Amino acid sequence: MDKRTIAVLASAALLRWLLFTSFPGLPATLANRVEISTPVTGYKRLQEGVYLYTHGVSPYDGGVFHQAPILLALFGALPSSEFAINLVYILADLLSAIALVDISNSGVATKSRLFSSGRKEGRWAAWAVAAVFLFNPFTMATCLARPTIVFTNTVVLTAISKAVKGHSVSAILAIAMAGYLSLYPALLLPPLILLAYDSKIQNSPRKAPQSQSKFAITHTLIFLLSTAALLGLSFLITSNSWEFLGATYGVHLLLPDLTPNVGLWWYFFIEMFDSFREFFLCVFQLHLVGYVGALTIRLRKQPLFAIITLLGIFSIFKSYPSIGDTGAYLGLLALYSHVIPLTRYGFIGIMGILYATLLGPAFYYLWIYAGSGNANFFYAITLVWGLVNALLVVSDTLFAVLRDEYEMERPDMRGKVLLQI
């Protein structure tokens, strides 16, 4: 790790620590923001769950706590001081940044086993990628608010970091932990297996490669066994009870808590007739699942970008998204800085994100506190947020990566405008 990277990590840690200590009321204020904290990640709900757990009461009885049991054991074992808790969240962000540095240093974003970009010279240094993640306002606000999405992001980035190094078993164990914490990262398993397979062959070219199908089956079994082990551990943590399954993963799937957030589900299901609820829950969940196979197949040459794109889609369309999901996605997107010249709506996308970020809190205030607006005010700005991220960020960067592939296949078309007729 070079001096610049160490300086970025140290500066980010120091800035977070100064914000924690100089503004002691800031974490509680941010923890109340619906853009940052959700029913399945909020720090206040975690505090309540830990309190009940340490006093011998099941935190899953009241319908308030919806987080993984291992978090109860972790925070129950920590000292009850703010110093220790703040330090845990700062370390989690630093570990995420270190994982990003490892991914960047691997060079997989520009040269994989099946594809080599002709725009390698435009790739940002590893320290710059870490800085984009650590100093992103979304990431910093998420760290200060202390939702548990911070740990999910750390484990997901660690899984990708292990995969690009060819440490396939470690990558699968990490993604199993991520799925255990937040469910939706489990959908990253197919492209992650392909990324680990390609990296293992690329890093050990003299070693005879295992067949792709056998490799996939073996690592899928490892994923299932590790997930079963985590669920078994949770069974022991919750005093031999399986009620945590419905209270954690059932909430992601069935959406019983309609607290507003930056996603698209809450208002839709508030207005939904009960007779249609089950049908549209299936439609919304299948909508997410449908992207996995399509992107994994289309981006077979670049499985890393398939993972990144799926994370961007999850940050928009999953049941309880937050700006923490967007922060992790944008941090990973910095790995593909070399395709920025190929994007078409960069300026509009940045302005759209700023527009939604600034007006979101204002519209929520008009609805909840001032009483001069209604739910449509806030939902309108979440629609803008979703539109900007889906059309102007995710789809635009996907276009840029596919255009980069096309130009490598057809060098004569480099720099020429393509029109779809």
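Tutor: Let us begin with a definition: a pocket is an open set of grid points with protein on both sides within 12 Å along at least five of seven lines, whereas a cavity is a set of points where a 1.4 Å probe fits but cannot get out. Please keep in mind that this is a predicted model.

Student: How does one find such spaces, and how much space lies in the largest pocket?

Tutor: The general idea is that rolling a probe the size of a water molecule over the atoms shows where empty space is left. In this structure, the largest pocket holds about 680 Å³ of space. Its lining is made up of 25 residues, and those nearest the centre of the pocket are Leu330, Leu333, Ile350, Ile353 and Val393.

Student: Which helices supply at least two residues each to the lining of the largest pocket, and which classes of residue are found there?

Tutor: The helices are α7 (137-145), α16, α17 (346-370) and α18 (375-409), and among these α17 gives the most, with 6 residues. When the lining is sorted by class, 17 residues are nonpolar, 7 are polar and 1 is charged.

Student: What is the volume of the second largest pocket, and what lines it?

Tutor: The second largest pocket has a volume of about 240 Å³, and of the 15 residues in its lining, Glu35, Ile323, Ala356, Thr357 and Pro361 lie nearest the centre. Two or more residues of this lining come from each of α17 and α18, and by class the lining has 10 nonpolar, 3 polar and 2 charged residues.

Student: How should I read a helix, for instance α10?

Tutor: An α-helix has 3.6 residues a turn, so residues three or four places apart point the same way. Helix α10 covers residues 189-203, and at 1.5 Å a residue its 15 residues should span 21 Å, which agrees with the 21 Å between its end C-alpha atoms. Its buried residues include Leu189, Leu192, Tyr197 and Asp198, and the buried residues of α10 pack against α8, α9 (168-182), α11 (212-237), α14 (274-298) and α15.

Student: Is Cys143 buried or exposed, and how is Cys282 classed?

Tutor: A residue counts as buried when its relative accessible area is under 20%. Cys143 is buried because its relative accessibility is 0%, whereas Cys282 has a relative accessible area of 46% and is therefore partly exposed. As for disulfides, the structure holds 0.

Student: Where is Ser96 found, and what is it in contact with?

Tutor: Ser96 is found in helix α5 (residues 82-106), and since its relative accessible area is 0%, Ser96 is buried. If its neighbours within four places in sequence are left aside, Ser96 is in contact with Phe133, Asn153, Thr154 and Leu157.

Key. Residues numbered from 1 in each chain as written. Predicted model: local features only at pLDDT ≥ 70, side-chain atom pairs only at ≥ 80, totals over all residues. Heavy atoms only, no water. 1 Å grid on protein atoms, 1.4 Å probe; cavity = no way out; pocket = protein on both sides within 12 Å on 5 of 7 lines; lining within 4 Å. Points joined across faces, edges and corners; volume = space filled by probe spheres on them. Helix = DSSP H or I, 4+ residues; strand = E, 2+ residues; numbered from the N terminus. Nonpolar A, V, L, I, M, F, W, Y, C, P; charged D, E, K, R; others polar. Expected span 1.5 Å × (residues − 1). Buried < 20%, exposed > 50% of the residue type's maximum accessible area, 1.4 Å probe, protein only. Contact = heavy atoms within 4.5 Å. Disulfide = S-S within 2.5 Å.
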